[in-house]
Amino acid sequence: MIKSIVKKGEYFDSVSLMIVGKDIALMDYVLDATVVMATQENKSILKTAGLYLDEFEEYDDTDLLIVVKSDHEEKLDEIFKNVDNLLIEIRNKKDDQGTFNPRSLETAIQIQPESNLALISLAGRYAGAEAMKALQKGLNVMLFSDNVSIETEIELKKYAVENNLLMMGPDCGTAIINGVPLAFSNAVHKGDIGIIAASGTGLQEVSSIISEEGFGISQAIGTGGRDIKEQVGGMMFISALDALKNDENTEVIVLVSKPPHPAVLKKINEKLKKISKPIVSVFLGANSNLIKESGAFAAETLEEAALLACAISSKVEISKVSKYLEERSKSYEKIVTNEVKKISSGRKYIRGLFSGGTLCDETQLILKNNSENIFSNRATDEKFALTDSWLSKEHTLVDLGEDEFTVGRLHPMMDFDLRNKRILQEARDEETAVILFDLVLGYGANIDPLNEILPIIIKAQKIAPDISFICSVTGTEQDPQNRSMIIQTLEKNGVIVMPSNAAAAEVVKLIIKKINK
Amino acid sequence: MGFKKLFGEKIEVVNVGLDSFKDDLEKQGEKVVNVDWTPPANIDDKILQILKKNKAKIDIANEKVLEIILNGKPYLVGLDIARNVIPGMKENLLLHSGPPLTWDRVCGPMKGAMIGAIIYEGRAKNFEEAEKLAASGEFIFSPCHEHETVGPMAGVVSASMPVFVLKNEEYGNYAYCTLNEGLGKVLRYGAYDNETIERLKWIENELYPTLKNAVEYLGKIDLKNIIAQALHMGDEVHNRNRAATSLFYRTIAPAIVQTCDEKNVTAKVLNFINGNDHFFLNLSMPVGKVTLDAARNIDNSSIVVAMCRNGTDFGLQLAGTKDSWFVGEALVPDALYFPGFTKEDANPDIGDSSITETVGLGGFAIAASPAIVQFVGGTANDAVNYTLAMYEIAFGENNMYQIPYLNFRGTPTGIDVTKVVEKGLTPFIDTGVAHKDPGIGQVGAGVLSAPMDPFIKAAIGLAEQFKK
């Protein structure tokens, strides 16, 4: 039976509720459970999940719904009591800090008058208005939230450009300002390389590699993925270019993005021509000639972009980068041979399970060069779009950070459950040859990823000892997680850990080539 | 140009949303303030747009209203019998707390109080007779607020009852309130038995004339001054009136001794005031009323001039919307219940005493009164946070009522309905809870949030004025 309790006017943020929801689902006698604010979207999710009750109709955004499904009616009171305690715990954790938490942006600014950046991660429908308030108060904004309309984005960015403010996002997950990693970002060295990115994990990968190479970041500005679309017209991309152009601490500029709309690319190119600082661009999937026209160095992969920037920063001849990468590819021969030996005949497909969208895109591009059919829930070609994201088909690369997976759930960089289940699912598939995955470290990400994923990999290896496990770790030694320990432990457990996402894709490409000969 | 300024500075972040982002920044030693964000009220965006567009007009009106509130000079100038002084008072009129109400929707304690008043007036001998009269249409009911009056809990006032007479010396308007009966079986909680009626008679026959003479002897008593001092002594003058009652006692006692010839009566009156920590409540409430009434009918203002409950409905009025009531359901408080009682026993919120919050006292001044927060199960820190949160929805700060702990900052004053709906934050009301059955009395106390509904309606009501 399904029973619910409604708490009118009790607001909790979605992450707190997901944590509580997860804990409830683990309670004895609970078949299914959820705790959500009674928004229209959440109500429709409840309907799909079979947890909807008619009485929910009268409640709205500011009311809290607690729904529990159980076969043990007599236990429900106790379960709800436990839920109450969990909610109180979370609330107290907030209140217990002794200091007063302002209820509004205005009051926050009164308390901290030198505030210069608002980090906004509210639900999309509230986020735009809050961002505008922050801009109007003279604050730069990092807008983490998605589901903000493009009209709102344009309005915000127009205002920001007119007032010389930074308007990162919506849907900007990563930025490093003055050396401080914000939201989902890595702890990097300070240095003279500035990054502008319309892609969060792309930015994480590039900045982490630069830092691990011993170089550093001056500023890493996220624009949000839609900035380079025609409607937004690259407003923030271009104003960030202006900013880095004039920033005395930036000597090299790296641009990271999907291919911008041609009109936007034209604008960017024109701007680039006026910048004398060296520029490296990685527009994943774009024809590199388009950008070369502006005098920028075009990289094919995130890693190459990072290494080019490092080379320029250290005044090393940049041709050394491609030589180095070529040499390295050759050295993969041994790894490939070993892995192929392990894979039984009949196993022929790659299954890539990503938490970073751009990492998924990059892998698609690298594998496509192999002229394979690669299916994905982020396929650039409709022909290769997965009809069901939950089921792999031939070669499949899935981004588990896409909406179909994250509705009512934390992002896979935080919550590994869904991907773990998928790893086991792929291991049980007799056609799976390679399981490829990313581990993204840094602030915002799960603090103990090894503990989440290692038991699953061991279990999957038991199910299918003849599958190859390949991964790359995006992050730095300074990140809150222990990067080198994670890599060593994975390697000890038979996982091939590559130094970059591109390198991992490269190895997979070679393996596939070999087993399908 | 560009973001040069930001790049050159140390970043200081305001975090709105996920707490973990704030924690990460703190771990890195960065400066960050977290906003404890709540969604705005569920209100049509068009209404918000209208209010936004007219913000300048609203603010000008609000400045005027705030000025009137701050300039108010509430004095106790005398005592009298309701029929002599309360505007519109009639023999068959019963005033009650909260917004307008019909007999069929009257809650338990209110019903008891009305029946008690009818018996007190000598119009009926017992419950049945009184109930019949009340239901017959013979008696008419009207909110205290519409008669320059306020009343705690049921707030019932009938023609023969003695009342305090307050005058706002700055603006010349008056306000009235009955004399506090103390605790136990009292009319304001719906008791109507002999003990209750006898006490009311004693108030009429001994307490009233004695106090009347004493006040006359003193001329007038500056109540604003007493409240300002009481706030420095741990009162917020809604749920805690111990200091204010003591200060009033110090003022009135010599005058009583001076003016009352009967030693016996003198002792009884002084003991009665001394024995009732809430005696001053029936003065702090009309202070709010007489102060706020002067600020009525200021076009365009979004400031609340009355906020009250009748045990069935919660109602409010704005300075900018004339006599309109904006009404929603009164909720059963999630309070701390006295031993032996639970939420099941509680009546929905009742009384005009939230006039104290409306004028910047009570829940808005609770940081001055940590003792009362402890009484309802909170900490001193909670008290401070309640008051700090109320600055979010207040238009201004008080010039006389101050919080010592906040470095004598003025209390948040003038509830701005536009801020309430925008921030999704309703006023905290520091209140007592009545039993749902007549005459049982107080069963709990707590700091409650007012319901959002009436504020949404008030915002709509104000927005409609601009459409005209």
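Here is a short tour, stop by stop.

This is a predicted model, where local features need pLDDT of at least 70 and side-chain atom pairs count only at pLDDT 80 or more, while totals for chains, interfaces and linings use all residues. Residues are numbered from 1 along each chain as its sequence is written, and chains are lettered from A and ligands numbered from 1 in the order in which they are written.

**Stop 1: the domains of chain A**

Colour chain A by its domain assignment: domain 1 is 2-95, domain 2 is 172-325 and domain 3 is 332-515. Those bounds come from an automatic or database domain assignment. Between the C-alpha centres of domain 1 and domain 2 of chain A there are 43 Å.

**Stop 2: two helices**

Now select residues 235-246 of chain A, helix H8, and residues 262-273 of chain A, helix H9. Helices (H or I, at least four residues) and strands (E, at least two) are DSSP runs, numbered from the N terminus. The axes of H8(A) and H9(A) come within 10 Å and cross at roughly 5 degrees, which makes the pair roughly parallel. (Axes are lines fitted to C-alpha atoms, for helices over the stretch in contact, with angles from 0 to 180 degrees between N-to-C directions; under 35 degrees counts as roughly parallel, over 145 as roughly antiparallel, 65 to 115 as roughly perpendicular and the rest as oblique.)

Which residues of H8(A) meet H9(A)? Show Phe237(A), Ile238(A) and Leu241(A); across from them, in H9(A), are Lys267(A), Ile268(A) and Lys271(A). Contact here means C-beta atoms, placed from the backbone, within 7 Å.

**Stop 3: a sheet in chain B**

Move to chain B and find the open sheet of four strands, in the order E11-E10-E9-E13, with antiparallel pairing. At its edges are E11 (326-329) and E13 (350-351) of chain B, each pairing on one side only. Strands pair if DSSP finds at least two bridges between them. Zoom in on E9 (residues 304-310) and E10 (residues 313-318) of chain B, joined by five bridges.

**Stop 4: where the chains touch**

Show both chains together: 47 residues from chain A and 42 residues from chain B take part in the contact. On the side of chain A that touches chain B, helix H4 (105-111) gives the most, with five residues.

Last, select E4(A) and strand E1 (residues 12-16) of chain B, which pair in the parallel sense over four bridges. Ala118(A) stands opposite Val14(B) in E1(B).

Notes. Contact = placed C-beta atoms within 7 Å.
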